[in-house]
Amino acid sequence: MKWMMIAVLIVSAAALLFVLLRQRLAWRGILSFLLHGTAAFVLLYIVNTTGLAADVYVPVNPVTLSTVGFLGVPGLAAIIFLKMVMI
């Protein structure tokens with residue numbers, strides 16, 4: 001049963017990639033997502049290494065990268081604010 005689930009996952013991922021890569025409009029979205037994700041990683045790295053936010057460490061994981069990548073600098077500010085308020 002486990003192998004069947006893995007096979008279905010692989011086939012589904014391959015079909016999704018085929019559909020996405022076949023359309024020209026999808027390339028723009030994929031490129032935009034990769035650029036925003038890279039910028040989010042760099043921003044998080046700068047905040048974590050320089051200590052711009054007083055004693056706040058924002059972990060680099062898919063959730064924070066997605067939030068900062070989608071929302072940009074306001075997303076990073078929101079995460080830092082939530083981190084300061086919650087802790």
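In this predicted model, helix α3, which spans residues 62-71, packs against helix α4, which spans residues 73-86, at an angle of about 140°, and the two axes lie 5 Å apart. Because angles over 145 degrees would count as roughly antiparallel, α3 and α4 are classed as oblique to each other. On the α3 side the contact is made by Thr64, Thr67, Val68 and Leu71, and these residues meet Val73, Pro74, Gly75, Leu76 and Ile79 of α4. Sorted by class, the contact of α3 with α4 comprises 6 nonpolar and 3 polar residues, with no charged residues.

Between the two helices comes Gly72, which sits just after α3 and takes a positive phi of about 80°. Within α3 itself, Thr64, Val68 and Gly69 are buried. These three cover an arc of only 125° around the axis, and therefore they fall on the same side of α3. An α-helix has 3.6 residues a turn, so residues three or four places apart point the same way. The face of α3 that is turned away from this buried side carries Pro62, Val63 and Phe70, which are exposed. Two of the buried residues, Thr64 and Val68, also belong to the set through which α3 meets α4.

The annotation can be set beside this geometry. An unreviewed UniProt entry lists residues 36-58 and residues 65-86 under "transmembrane region". For residues 65-86, the model gives a span that is 95% helix and 0% strand, with the end C-alpha atoms lying 19 Å apart.

Is Asn48 buried or exposed? Its relative accessibility is 19%, and because the cut-off for a buried residue is under 20%, Asn48 counts as buried. Leaving aside residues up to four places away in sequence, Asn48 touches Val56, Tyr57, Val58 and Val60.

With a relative accessible area of 40%, Leu21 is partly exposed. When residues up to four places away in sequence are not counted, Leu21 touches Trp27 and Ile30. The C-alpha atom of Leu21 is separated by 29 Å from that of Lys2, and these two residues are 19 residues apart along the chain.

Note on methods:
Residues numbered from 1 in each chain as written. Predicted model: local features only at pLDDT ≥ 70, side-chain atom pairs only at ≥ 80, totals over all residues. Heavy atoms only, no water. Axes fitted to C-alpha atoms, helices over the stretch in contact; angles between N-to-C directions. Helix = DSSP H or I, 4+ residues; strand = E, 2+ residues; numbered from the N terminus. Parallel < 35°, antiparallel > 145°, perpendicular 65-115°, else oblique. Contact = heavy atoms within 4.5 Å. Nonpolar A, V, L, I, M, F, W, Y, C, P; charged D, E, K, R; others polar. UniProt positions renumbered as here; feature names shortened; annotations may be inferred. Buried < 20%, exposed > 50% of the residue type's maximum accessible area, 1.4 Å probe, protein only. Arc of directions from axis to C-beta.
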